[in-house]
Amino acid sequence: MYMKYKRILLKVSGEALAGEKGTGFDDATMEAICDGIKKAYDLGAQIGLVVGGGNFWRGRTSGKMERTCADKIGMLATVMNCLAVADKLEQLGVPTQVQSSLVMPQVADVFTRNSAVASMEAGKVVLFAGGTGNPFFSTDTASALRAIETGCDIMFKATMVDGVYDKDPKKHADAVKYDTLSFTEVLQKNLAVMDGTAATLCRENKLPILVFDLADPANIARAVEGESIGTLVVEA
């Protein structure tokens, strides 16, 4: 079966797991997303997965809380999300392994590059929890880092928008969608793709990113097969 990308890193926002509820988990939404991941898995793709923590905690809106403390709470939220997604994938017959940058042996395995690659090659979806393990770094940066460390062909950023626009399409009817972009353009134009640290890391390591709409979870498999969806960000 044809796949354009053999090994991928999929980034899913925590908010996506909440569906219309806005917080926590929405079971039907999670099942739809995990079914989309399974379709890509069934194609033969090796999959790493990073899930944000925004359905439980948004550190940047934590008021007067000290930033490193707020970020640690956010990292723990990603661990909870990875455990929940792993459980749902296992229910669908997809083997998984949760690896955490935070040491919590009763909860998840500790991340190591060799173990992650071996698990992906053995046919497990590896869920990377805990962000980078450090404050001040987003889950976008954690996604880029894990994708580069594990030799992924591409990073998929599954969002609630069908690509990257020159301005917010929900607020501006004349917003223009990009089919392709360079990381240099993303940084120079300050486009809302990812934070600057993640974009710079991808540019320096020549890791392409495909941004597409998760409203249709089948887009994950379409992206693996190389269909023209979303916006491809790649440095020439």
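Phenylalanine 156 and phenylalanine 212 are both buried (under 20% relative accessible area; exposed is over 50%, partly exposed in between; 1.4 Å probe, protein chains only). This is a predicted model, in which local features need pLDDT of at least 70 and side-chain atom pairs count only at pLDDT 80 or more, while totals for chains, interfaces and linings use all residues. Residues are numbered from 1 along each chain as its sequence is written, and side-chain values use heavy atoms, with hydrogens and water left out.

## Exercise 1: Rings

Task: Find which ring pairs link Tyr5, Phe156 and Phe212, and give their geometry.

Solution. 

Step 1. Apply the rule: rings of Phe, Tyr and Trp (its six-membered ring) pair if their centres lie within 6.5 Å. Planes under 30 degrees apart count as stacked, over 60 as edge-to-face and the rest as tilted. The search of the whole structure gives four aromatic pairs.

Step 2. Take tyrosine 5 with phenylalanine 156. Their ring centres are 5.9 Å apart and the planes stand at 85 degrees, so this pair is edge-to-face. Tyrosine 5 sits in the segment before strand 1 and phenylalanine 156 in strand 6, so the contact ties together parts 151 residues apart in sequence. Both tyrosine 5 and phenylalanine 156 are buried.

Step 3. Take phenylalanine 156 with phenylalanine 212. The centres are 5.5 Å apart and the planes are at 80 degrees, so this pair is edge-to-face.

Step 4. Join the pairs. Tyr5, Phe156 and Phe212 form a cluster.

## Exercise 2: Strand 6

Task: Determine how many residues of strand 6 are buried, and which strands pair with strand 6.

Solution. 

Step 1. Strands (E, at least two residues) and helices (H or I, at least four) are DSSP runs, numbered from the N terminus. Strand 6 covers residues 154-159.

Step 2. Count burial. Six of the six residues in strand 6 are buried.

Step 3. Sort the side chains. In a regular strand, side chains alternate between the two faces of the sheet. Ile154, Phe156 and Ala158 point one way; Met155, Lys157 and Thr159 point the other way.

Step 4. List the partners. Two strands pair if DSSP finds at least two bridges between them. Strand 1 and strand 6 pair in the parallel sense over five bridges. Here leucine 10 stands opposite phenylalanine 156. Strand 6 and strand 10 (residues 209-213) also pair in the parallel sense, over five bridges. There lysine 157 stands opposite valine 211.

## Exercise 3: Charges

Solution. 

Step 1. Apply the rule: a side-chain nitrogen of Lys or Arg lies within 4 Å of a carboxyl oxygen of Asp or Glu. The count comes to twelve salt bridges.

Step 2. Arginine 7 is in strand 1 (residues 7-12) and glutamate 121 in helix 4 (residues 113-121), so parts 114 residues apart in sequence are tied together. Arginine 7 is buried at 12% relative accessibility. Glutamate 121 is exposed at 53%.

Step 3. Aspartate 140 belongs to helix 5 (residues 139-149) and lysine 157 to strand 6, 17 residues apart. Aspartate 140 is buried at 8%, and lysine 157 is buried at 12%.

Step 4. Glutamate 149 is partly exposed at 26%; arginine 146 is buried at 5%.

Step 5. Look for shared partners. Salt bridges join Lys11, Asp140 and Lys157 into one network.

Step 6. Check arginine 146 against rings. Its charged end sits over the ring of phenylalanine 111, 3.8 Å from the centre (CZ of Arg or NZ of Lys within 6 Å of the ring centre and within 35 degrees of the ring normal).
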